[in-house]
Amino acid sequence: MNKQNLSPVKDLSAMTFDELFSRFQSLDTECLLVYLFDKVEESALIHLAEQFHITGNEGWANCTTIGEKRDLIKNSLNLHRYRGTRFSLLRVLEILGLNGQLQEWFEYGGKPYHFKISIDMNNKAFDETTEKSLTDLIDANKNVRSKLEVLIINLISSVTQKYTSCAITSEEITV
C-alpha cells in the first residue's frame, strides 16, 4: 500500500493521524450499507423489520421466504404512508404472494363500512393459525372505521401427478 502522508509536518500527532487514516481506508464499509435490502445479511432483516415497524401483524409473521421479507422491508415506507387505504391492503397481500380481491360495502350492497376480501392461496397450506394471521394482517392494514365482514379463501392446487406401473411376469416350464 502506498502510504501518503497527509501532513507535511513530522510531529507525533500528525503521524498518528496518518496511521489511523490508513486503517480506515482498509476497512470494509459494505457491511455498513444496511439499507441495500437485497445485499444485507439475512440475520439483519429482523432488525430492519423492527426499525420499519413491520414485525408481527404488519406483515412479517406472514412472510414465508427471504424474498418476501426483503420486499416487505423495501415497501414498508409506502405501506405506512397509505395505511388504512385499499391500496395498502392489496399491496401487502401482493408482497406476500397472495392474490387478493377486495369489495367494499357500496360495491356489493352490504352494511356501511364493511368489506369482503377474497384471497387465492396457490399451493399454500391453510389452517386456523393461517386464518388468524391473515385476519390480524388485514386488521393492521385496513381503515380503522371499516370492518371485515367476510374472508373468502380459495385454495388452489396445481399439482400434477404422474403414475407409472410396471408388470413383471414369468413362466417356468419343467421337462
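Which side chain meets that of Glu 107 in a salt bridge? The partner is Arg 86, with 3.4 Å from N to O, where a salt bridge is a side-chain nitrogen of Lys or Arg within 4 Å of a carboxyl oxygen of Asp or Glu.

## Basis of the description

This is a predicted model, in which local features need pLDDT of at least 70 and side-chain atom pairs count only at pLDDT 80 or more, while totals for chains, interfaces and linings use all residues. Residues are numbered from 1 along each chain as its sequence is written, and side-chain values use heavy atoms, with hydrogens and water left out.

Glu 107 lies in helix 6 (residues 105-108) and Arg 86 in helix 5, so their pairing ties together parts that are 21 residues apart in sequence; helices (H or I, at least four residues) and strands (E, at least two) are DSSP runs, numbered from the N terminus. Arg 86 also forms a salt bridge with Glu 104, with the closest N and O atoms 3.4 Å apart, and this pair links helix 5 to strand 1 (residues 99-104) across 18 residues. Arg 86 is partly exposed at 33% relative accessibility, as are Glu 104 at 23% and Glu 107 at 41%, given that buried means under 20% relative accessible area, exposed over 50%, and partly exposed in between (1.4 Å probe, protein chains only).

The structure holds seven salt bridges. One of them joins Lys 132 to Asp 136, the closest N and O atoms being 3.1 Å apart; these two residues are four apart in helix 7, and are therefore separated by about one helical turn. Asp 136 is buried, with a relative accessible area of 18%. Elsewhere, salt bridges that share partners join Asp 38, Asp 71 and Lys 74 into one network.

## Helix 5 against helix 7

The axes of helix 5 (residues 86-95) and helix 7 (residues 128-141) come within 9 Å and cross at roughly 145°, where axes are lines fitted to C-alpha atoms, for helices over the stretch in contact, and angles run from 0 to 180 degrees between N-to-C directions. Ser 88, Leu 89, Val 92 and Leu 93 in helix 5 meet Leu 137, Ile 138 and Asn 141 in helix 7, contact being heavy atoms within 4.5 Å.

## Contacts of Ile 119

Not counting residues up to four places away in sequence, Ile 119 touches a set of residues that includes Leu 93, Leu 98, Leu 134, Leu 151 and Ile 153.
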